Every structure is written in C-alpha cells, then in structure tokens.
Amino acid sequence: MVAVNETSRTGRYDVRGLAEPDAEAPKTARIDGDSAVVDAADLSTRQINLELRRLVYGEGISEVTVTNPGAKHSIAVGLLTRCRITVDGSLGYFACTLGDGPEIHVTGRVGWSLAENMMSGVVVVDKNAGSLTGAAMRGGDLVVRGHVGARTGIDQKGGTILVGGNTGSMTGFMMQRGRQIICGNAGPGLGDSMYDGEIYVAGTVASLGVDCVEEEMTPRDDELLDRKFRIYRMDRPERFRKFVCGKQLYNYDTLEPSERKLVL
Amino acid sequence: MSDLFDLSDRKLSTRQGIDTEELTGKTFPYQFDATLVDDVDLDAATPGDDINWLEDVHLMSEDGIPAVFDRYTNAFLKIHFPIPEGREDEYARKVLIKHLQEGNSYGIWLKYRHAKFAQPELGSWLAGSPTVGENWRPPVLEGWEPPAGH
C-alpha cells in the first residue's frame, strides 16, 4: 500500500513518488504569448510534468521556465516535441530523460541518470551531474559544464556527451555508439567493454578499461570538437586524445574449459 | 498519413530481415525520386544548432540495396534512386526525415492506434502535428472470454 500524505499542496502528494495520484495538470503556469513560467514550489513531480505537457502539447507554448524546482526527481521527462525549457535551479535524479526533441537548460546541478534514454534534443547543465549521466542515450547533445560521476554514458547508443570537467570511473562502460568529449580527467576503467563510439579526453586517464585503445585523431574528429565547442560557447582544450574499441572482444579467441572439452 | 494505415496491407515474410516495405505493404515516392527530398532542411528538422541525432544516421544497405535505418520502426527503408558520390549520408538523412515528417514510419502508425498517453503524433519532426493517445482504450478481441478464475 502506498503512503499518500494530505498536505497543503493543491492535491495529495506521495513522498516516495510511487503513486502520484493527482493526474490533472494544475494549470497554474503564467502564460505570456509563446512563453510560460511554472512555479514548481508547491507542485508534485507528476503535477510539474503534466503542466509541462499541457503547455507544450496543448497550449503550443514553445518556451517554458520552471522556477523553484527544489531538486525534485524525474522532472521534464518524456517530452516528445520541439520546445525550450529552462529549469531555474537544480534537479534530482532521472532529470530530462526519455526526451525526443526538447532543448532543456538547467542552471543548477542534477542527480544521477541525467537525460537517460534521450532520443534527440539538447540538455545543458551549468554545474555538476551525478553518476550514469547520459545512460543508454540514443541521440542528441548532452552538455554538463561541471564534473560528472561514474559510468558516464553507460550503454550509450548515440549522441554526444560533452563534459566541461572530470568524469568518474568506468566512463563509457559498454558504450555502443556516439561520442563523449571530456575536457578534464577520466577515472579508472575508461571505455570498459565498449563496442563502438569515440571518447575524447583532454586531461589524464587513470586507466583504460578492457578492450579500450587509443587511436590517432583525424581531421573529422577535430571538426566535431570545434563545432560542439563553438555551439555551446565553451573553451576548447588544446589537445585531446581519442579512445575507441579495440574490437578484441567481438569474438572469443580462447575457449572456456567446458567449451574446450566439447571441441576436443 | 495515419488514416491510410491498414494492417491487411502488410506482407510479412519469414525471412530474417524485415524492412519497411514488408511492414507497411507499400513503397513511398521519395524512395525513388531524389528531387522529392532535396528541399529537406536537416538543421531545421532537428533540435539544436547542428543535425543533432542525425549525426548517427548513415547510409547502409539491405538486400544489397542502399537503405537507411528507421529507429522508430526498427527496420530499413530502401533508397532506389542513384545517390551522388560523397553525399550518401546526406541523402540517407533526408529520406529518413521526409519519411518521419509525412507520418509514414510504421512505428508512428502504431502510435496512432496504440499510444496510451497524449502526445504529438509526428513528435519533434513536424510542428503542429495532431495529438494522439488521448482516448486510448485497451483493444478487445471479439469472442474472447477471460479464463475462469481471472
């Protein structure tokens, strides 16, 4: 049974985020032409997301600012249309996930799994992000101007992740496609078990993961880096190193003891 | 558009690969005529200041024919017109965007019938597209009765 608290909010609020029983958009946004401002201070996660969808789907609003987000989790998720959203503050985990089209700017920090499973769009975070940033991301640009935690871009299947600071351990773990640009240092196990994609690192690399190798930079790589740094108005570090999959794990080259017994 | 969706048009075979023609039961004019996609503006069609997610879309081949992969359908869309050398990826991306903007992607057709939550039908590719999924009801199989005890 899910605990639902009666509060002074406009509706019931499930503190664990499991039920979110109020399925109606609160309609509290201040709309001015093509833009709107949502004050999230007294709204639950579900109410904020319903209000965002009402505005961008129903009202055709193209620019929305969310104030007082209070580091709530799972905000601005599942938006499937072109729009610009500014979050004036910090967000919790699974922020801006499952997006296909929105351009989201977060002026504060975010928790883990930022922009997880993003299909297309742009997410820019001005400060730091937690672990699993860009997990399973499939397309779009994800920019974190500060530092990020461990396993950045785990299972990444496309898109570009640009980090202004350092990344933690196992960055690019099981990465399958896409690009990561790390301006600072990378922690241990960079690119562990990656299948494809490119990781560019300007700082030091603590250690490489299994089957991750360094490769020469090409003019095409420089074009990508120049373009992304220009678009997001960031200073490009002078020198990058490029890391890719060594492709030694694509096929077995040795047999397990049980397999050897079968073959012999 | 979605009103043309007809399940009986499908021609599913037992071969391993499944392409758009099999799933939809038809081909589309822009698969055969490059001039129909020449005016597609890739930058305008995608979020951000460059081609965004299309960066990962490249010209591939299916059954020995040039094709682009439609991730919304999980199937290839073949391209039958000659593609100028050096512009392979550009034309692959333009055909894909045209396909999505015209609502011909099989995955988008499924959305027309099966989306459970209100959302723009043509997603981020076309402004002002109709909303689908507002009045979803579970499909009912005629003559089916739930087993006793359920």
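Is A:D211 buried, exposed or partly exposed, and how many C-beta neighbours does A:D211 have inside 10 Å? A:D211 counts as partly exposed, because 17 C-beta neighbours inside 10 Å fall between the 20 or more needed for a buried residue and the 12 or fewer of an exposed one. Please keep in mind while reading that this is a predicted model.

## Two positive phi values in chain A

Let us stay with A:D211 for a moment. Its phi is near 65°, a positive value in a residue other than glycine. A:D211 sits in the loop that links β10 and β11 of chain A.

A:L132 also has a positive phi, of about 60°, although it is not a glycine. Here the loop is the one between β6 and β7 of chain A. A:L132 has 23 other C-beta atoms within 10 Å, so it is buried.

## Strands around β12 of chain A

The loop of A:D211 runs between β10 and β11, and each of these strands pairs with β12(A). Strand β10 (residues 198–201) of chain A meets β12 (residues 241–245) in the antiparallel sense over 3 bridges. Within β12(A), A:R241 is the bridge partner of A:V201.

Strand β11 (residues 212–215) of chain A is also antiparallel to β12(A), with 4 bridges between them. In this pairing A:C212 has A:C245 as its bridge partner in β12(A).

## A buried glycine

A:G149 belongs to the loop between β7 (141–144) and β8 (157–163) of chain A. With 20 other C-beta atoms within 10 Å, A:G149 is buried; 20 is also the number from which a residue counts as buried.

Which residues does A:G149 touch, not counting those up to four places away in sequence? They are A:W112, A:G130, A:S131, A:T133 and A:G168. Another spacing to check on screen is that of the C-alpha atoms of A:G149 and A:T171, which are 8.7 Å apart while the residues are 22 apart along the chain.

## Chain B in outline

Chain B has 4 helices and 5 strands. Read from the N terminus on, its elements follow the order α-α-β-β-β-α-α-β-β. Along the principal axes, the C-alpha atoms of chain B fill a box of roughly 65 × 35 × 25 Å.

Of the 150 residues of chain B, 32% count as buried. If we take the contacts in chain B between residues at least 6 apart in sequence, 50% join residues at least 24 apart.

Three strands of chain B form an open sheet in the order β1-β2-β3, with antiparallel pairing. β1 (60–62) and β3 of chain B are at the edges and have a single partner strand each, so one side of each is left without a neighbour in the sheet. From one strand to the next, the twist averages 60°. Between β2(B) and β3(B) there are 4 bridges in the antiparallel sense, and B:V68 stands opposite B:L77 in β3(B). Helix α3(B) packs on this sheet, touching β2 and β3 of chain B, and its direction makes about 50° with that of β2(B).

Helix α3 (residues 88–101) of chain B has 14 residues and spans 20 Å from its first C-alpha to its last, close to the 20 Å expected. Why is α3(B) described as largely enclosed by the rest of the structure? The reason is that 10 of its 14 residues are buried, including B:Y91, B:R93, B:V95 and B:L100. What covers the buried residues includes α2 (42–45), β2 (65–70) and β3 (75–78) of chain B. After the helix comes B:G103, with a positive phi near 70°.

In soluble globular proteins, nonpolar side chains tend to be buried together. In this model the largest nonpolar core has 89 residues, and A:L52, A:V64, A:A76, A:A95, A:V123 and B:V95 are those with the most contacts inside it. α3(B) gives the largest share of this core, 6 residues. Leaving aside neighbours within four places in sequence, A:A76 is in contact with A:L52, A:I85, A:V87, A:A95, A:C96 and A:I104.

The contact between the chains takes 20 residues from chain A and 15 residues from chain B. On the side of chain A, the elements giving two or more residues are β5 (100–106), β6 (120–125), β8, β9 (177–182) and α2 (219–231). By class, this side has 5 nonpolar, 9 polar and 6 charged residues.

Note on methods:
Residues are numbered from 1 along each chain as its sequence is written. Chains are lettered from A and ligands numbered from 1 in the order in which they are written. This is a predicted model: local features need pLDDT of at least 70, side-chain atom pairs count only at pLDDT 80 or more; totals for chains, interfaces and linings use all residues. The expected span of a helix is 1.5 Å times one less than its number of residues. Two residues are in contact if their C-beta atoms, placed from the backbone, lie within 7 Å. Ala, Val, Leu, Ile, Met, Phe, Trp, Tyr, Cys and Pro count as nonpolar, Asp, Glu, Lys and Arg as charged, and the others, Gly among them, as polar. Two strands pair if DSSP finds at least two bridges between them. Axes are lines fitted to C-alpha atoms, for helices over the stretch in contact, and angles run from 0 to 180 degrees between N-to-C directions. A nonpolar core is a set of buried Ala, Val, Leu, Ile, Met, Phe, Trp, Tyr and Cys residues joined through C-beta atoms within 7 Å.
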